[in-house]
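Hi,

Here is the structure I promised to pass on. Have a look at it first, and my notes on what turned up follow below.

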Amino acid sequence: MESIKDLTQQNMKNLNILIDCIEQFRTLDADMPTQTLLAFLYTKVLEDEDGQATVKEIAGKLRTSSSSASRNILAHTEINRHRKDGTGLVETFENPMKRNEKIIRMTPKGDRFLTSVLGRLSNS
């Protein structure tokens with residue numbers, strides 16, 4: 001794999017767009033770990049692919065344990081695992097058919113936030 005010594009103008013533009021998108025997540029939590037950011041994004045990907053997202057599926061995408069994925073997801077609910085305000089971007093609920101399975105769904109706030117982030121990408 002070649003290293004990038006000098007960025008092309010397009011690569012510089014793309015890098016700045018990526019930084020801008022990541023900075024949008026930092027407005028929610030300046031110390032947000034990458035796994036927490038990805039847990040939110042995978043929620044939408046899985047919703048679109050499978051019709052719903054579960055903790056187990058997100059754990060698979062993150063290549064981590066279900067308990068770690070659950071902690072990352074809880075950061076995006078109204079109240080996080082430390083009983084402090086979360087981002088409110090997703091909600092979780094028990095699957096009525098499989099009581100040991102948690103389903104994650106984007107909230108309207110989460111949809112608006114993701115639309116804003118994606119808008120920054122499409123304006124490039």
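A word on terms before the residues: buried means under 20% relative accessible area, exposed means over 50%, and partly exposed is in between, using a 1.4 Å probe and protein chains only. This is a predicted model, where local features need pLDDT of at least 70, side-chain atom pairs count only at pLDDT 80 or more, and totals for chains, interfaces and linings use all residues. Residues are numbered from 1 along each chain as its sequence is written, and side-chain values use heavy atoms, with hydrogens and water left out.

Now the salt bridges (a side-chain nitrogen of Lys or Arg within 4 Å of a carboxyl oxygen of Asp or Glu). The count comes to seven.

One of them joins E23 and R26, at 3.3 Å from N to O. The two sit three residues apart in helix α1 (residues 9–26), so about one helical turn separates them. Helices here are DSSP runs of H or I with at least four residues, strands are runs of E with at least two, and both are numbered from the N terminus. E23 is partly exposed at 35% relative accessible area, and R26 is partly exposed too, at 40%.

In helix α2, E47 pairs with K44, with their closest N and O atoms 3.7 Å apart. E47 is buried at 15%, whereas K44 is partly exposed at 24%.

Then there's E91 with R105, at 2.9 Å between the closest N and O atoms. That pair links distant parts of the chain, strand β2 and strand β3, 14 residues apart. Finally, shared partners join K44, E47 and D111 into one salt-bridge network.

Cheers
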